[in-house]
2 protein chains.
Amino acid sequence: MNNFVFYSPTEFVFGKNTESRTGELIRKYDAYKVMIVYGGGSVVRSGLLQRVEAALQAEGVEYIELGGIQPNPTDPKVYEGIDLARRERVDFMLAVGGGSVIDTAKAIAAGVVYDGDFWDFYAGKAKVQKALKVGVVLTIPAAGSEGSGNTVITKVDGLQKLSLRAPEVLRPVFAVMNPELTYTLPPYQTACGIADMMVHIMERYFTNTQGVEISDRLCEGTLTAIIKEAYKVKQNPEDYDTRANIMWCGTIAHNGTCGVGCEEDWASHFLEHEVSALYGVTHGAGLAVIVPAWMTFMATHNPKKIAQFAHRVFAVPESDDLEEMALTGVSRLKHFFRYIGLPVTFGELGIEHPDIDLLVKKLHEHKGELVGNYVKLNKEYSKEIFELACK
Amino acid sequence: MNNFVFYSPTEFVFGKNTESRTGELIRKYDAYKVMIVYGGGSVVRSGLLQRVEAALQAEGVEYIELGGIQPNPTDPKVYEGIDLARRERVDFMLAVGGGSVIDTAKAIAAGVVYDGDFWDFYAGKAKVQKALKVGVVLTIPAAGSEGSGNTVITKVDGLQKLSLRAPEVLRPVFAVMNPELTYTLPPYQTACGIADMMVHIMERYFTNTQGVEISDRLCEGTLTAIIKEAYKVKQNPEDYDTRANIMWCGTIAHNGTCGVGCEEDWASHFLEHEVSALYGVTHGAGLAVIVPAWMTFMATHNPKKIAQFAHRVFAVPESDDLEEMALTGVSRLKHFFRYIGLPVTFGELGIEHPDIDLLVKKLHEHKGELVGNYVKLNKEYSKEIFELACK
């Protein structure tokens with residue numbers, strides 16, 4: 001087991017009607033003026049935005065709004081938010097939405113108190129030293145951004161989708177999580193969220209670090225719970241307990257609970273980021289295509305942990321032939337993804353002829369010669385995985 | 001699933017040589033003077049105390065010391081600490097030790113800034129409004145006190161062992177956790193710690209709350225890891241990864257990771273507290289006697305979760321006869337406890353003729369007519385469980 005720091009200071013307030021506590025939670029931070037960031041019309045139509053506003057008004061908290069955040073959020077909206085926040089002297093960011101909204105709120109939080117261009121942080125030219133505090137009312141369990149210090153933004157110019165990690169300053173101080181808010185998520189979006197949270201765990205679980213029994217068990221247990229609840233949510237999307245289990249799994253998948261003491265991989269995420277930057281696909285759907293391909297590649301190159309996953313999560317019988325165990329596990333994972341309505345090939349994702357050479361070129365431009373850790377991917381390996389994702 | 005708040009703001013700094021970071025961690029809190037609290041001679045003999053002092057000196061942090069904390073810590077040492085802390089203007093408590101040392105440090109932290117008698121907090125006569133900050137260098141994985149806002153102190157007069165919960169102010173701000181520090185723990189103490197952390201999980205896991213799949217899986221996964229590593233540590237007490245897994249399990253067993261959204265039980269703890277208050281036994285050993293008896297009682301009164309535990313943690317085959325499944329699970333748990341060197345009856349604990357009437361009387365005096373939640377125990381039930389613990 002490697003040395004690690006586990007630090008998850010976000011206050012997660014979980015359950016029915018918890019959005020009514022948003023004002024009281026913000027009050028703790030002596031906010032002068034809050035910027036409520038949200039996405040499309042659904043938070044307006046559902047009445048959620050109004051309920052959150054009422055909760056703020058009840059505590060005498062002033063606020064302004066920034067709506068219209070899109071999936072795969074881009075830099076223009078961040079610049080707009082930074083300008084608005086400065087003009088209005090905003091000192092607290094409240095994200096009401098899913099990963100895209102939260103990531104945009106984090107980008108604004110860092111940019112508003114920085115003299116330079118906020119993109120410097122994502123491009124690795126500057127480190128985030130300070131930021132406004134960020135709170136969350138979560139509506140889509142998927143990205144885990146409500147409990148992480150990470151944010152991903154796409155620069156429209158050049159289609160660069162880059163991530164930033166600054167947990168000391170960008171991790172939300174609280175996250176309000178009411179599973180009822182997720183009842184109306186369309187099945188496809190629910191499924192994409194499920195793939196996203198599963199892969200957050202798998203990026204940590206597929207490791208060469210030895211002696212990480214507790215980490216393995218937490219990862220496997222959380223994956224097992226997600227899969228069981230995914231079958232149930234397809235049958236009954238308005239079952240509270242099912243939605244609650246999925247929502248909490250999305251958080252612990254990414255707040256550090258899973259994967260303590262492990263060298264993590266993250267190659268699948270980097271491969272997928274190129275796909276969604278180029279083709280604008282939903283992150284979770286892209287992962288459902290890339291990850292089985294990555295695992296198929298690993299079945300021949302480093303099958304050990306893939307075989308363990310197959311056995312402990314998908315009940316593939318143990319055998320000496322680890323490659324065969326691993327491949328059977330991949331097959332079951334693909335079956336599961338398909339069952340919940342996700343694509344598992346580029347074709348099913350709607351990309352008949354992906355420009356693999358361009359994807360490989362961009363990937364290694366952004367991430368260097370070697371990507372990931374479980375097996376370090378050179379250009380040839382990345383290409384092979386993109387090709388496996390066509391099958 | 002019930003509504004819940006998950007809030008675990010302690011910074012856990014885990015791994016080899018991490019005690020060298022103690023000074024730097026305290027520096028973040030602008031401490032003027034630190035009180036280092038510790039137990040017997042082992043932290044002195046091992047050189048740990050010296051290394052911690054060196055880490056404080058390197059950061060220019062002033063400190064005084066309070067040693068001699070005993071297992072099942074008592075109130076006189078708390079009063080001594082409060083007097084000393086006031087005299088020396090201490091503003092930060094550093095516990096170097098296990099649960100007893102940490103719990104004493106917390107009691108002093110609350111008492112030193114309170115005008116009345118610190119025991120008011122434990123007796124439920126006053127609420128802790130503020131306290132000095134507490135940091136930890138952990139040497140015994142067991143109590144989980146490094147990540148909890150709980151403390152248990154015994155009042156010598158009347159042998160009252162009472163617990164206090166005040167996470168807002170008493171939860172440690174950091175915990176340094178170096179598994180190497182636990183290499184020299186005697187097998188019996190290691191085993192007692194293992195029982196303690198297992199029961200912290202079981203008190204949460206044995207619940208009637210429905211729809212808690214993720215909580216169940218995290219509990220079962222952590223229990224499975226502990227049991228596997230417990231066999232290994234008996235063979236090789238100086239294996240780093242084994243000690244590391246056990247140490248981290250002790251923390252997540254009690255920081256809220258396990259048991260989210262569940263109504264918890266805690267009857268076994270309350271029963272055991274009476275045993276250790278009256279007979280001075282080690283808490284973990286007392287639990288190894290009480291918990292199988294409690295589970296045996298539950299096998300007839302409410303077998304569902306006991307049977308699930310038997311199946312998922314101890315691989316008892318599933319059957320329609322839940323009581324039989326549950327009893328087989330209890331038998332395997334007892335076998336496991338005995339294997340790692342723990343007693344599983346009062347007799348094995350060295351108490352040939354426990355005064356059960358007195359234990360029952362004290363229990364219900366302290367905890368009211370009904371104790372626990374999984375099945376609420378009246379006096380008759382408590383008596384039955386104490387009697388089962390004789391067999």
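This briefing walks through a few features of the structure above, from the pairing of its chains down to single residues. Please keep in mind that the model is predicted. Chain A can be laid on chain B by a turn of 180°, and the stops below visit one helix in chain A, then a strand and a buried proline in chain B.

**How the two chains relate**

- Superposing chain A on chain B gives an RMSD of 0.0 Å, with a turn of 180° and a shift of 0.0 Å along the axis.
- That is the relation of a two-fold axis.
- To find the axis from chain A, look for Pro9(A): its C-alpha is the nearest in that chain, 1.9 Å from the axis.
- The copies meet through the same surface, because 100% of the interface residues of chain A are also interface residues in chain B.

**Helix 15 of chain A**

- Helix 15 of chain A runs over residues 356-367, twelve residues in all, and spans 16 Å from first to last C-alpha, close to the 16 Å expected at 1.5 Å a residue.
- Its buried residues are Ile356(A), Leu359(A), Val360(A), Leu363(A) and His364(A).
- These residues cover an arc of only 115° around the axis, which puts them on the same side of helix 15.
- Among the elements that cover them are helix 11 (267-279) and helix 16 (379-388) of chain A.

**Strand 2 of chain B**

- Strand 2 of chain B covers residues 33-38, and six of its six residues are buried.
- In a regular strand, side chains alternate between the two faces of the sheet.
- Here both faces are covered: Lys33(B), Met35(B) and Val37(B) are buried on one side, and Val34(B), Ile36(B) and Tyr38(B) on the other.
- Strand 2 runs parallel to strand 3 (residues 62-66) of chain B, joined to it by five bridges, and Lys33(B) stands opposite Glu62(B) there.
- Five bridges also join strand 2 to strand 4 (residues 92-97) of chain B, again in parallel; in that strand, Leu94(B) is the bridge partner of Ile36(B).

**A buried proline in chain B**

- Pro141(B) sits in the loop between strand 5 (133-138) and strand 6 (150-155) of chain B.
- Although in a loop, Pro141(B) is buried, with a relative accessible area of 7%.
- Leaving aside residues up to four places away in sequence, Pro141(B) touches Thr182(B), Leu185(B), Gly193(B), Met197(B), Ile246(B) and Met247(B).
- The C-alpha atoms of Pro141(B) and Ala244(B) are separated by 9.7 Å, while the two residues lie 103 residues apart along the chain.

Note on methods:
Residues are numbered from 1 along each chain as its sequence is written. Chains are lettered from A and ligands numbered from 1 in the order in which they are written. This is a predicted model: local features need pLDDT of at least 70, side-chain atom pairs count only at pLDDT 80 or more; totals for chains, interfaces and linings use all residues. Side-chain values use heavy atoms; hydrogens and water are left out. Helices (H or I, at least four residues) and strands (E, at least two) are DSSP runs, numbered from the N terminus. The expected span of a helix is 1.5 Å times one less than its number of residues. Buried means under 20% relative accessible area, exposed over 50%, partly exposed in between (1.4 Å probe, protein chains only). The arc is that of the directions from the helix axis to the C-beta atoms. Contact means heavy atoms within 4.5 Å. Two strands pair if DSSP finds at least two bridges between them. Copies are superposed by least squares on the C-alpha atoms of residues with pLDDT of at least 70 in both.
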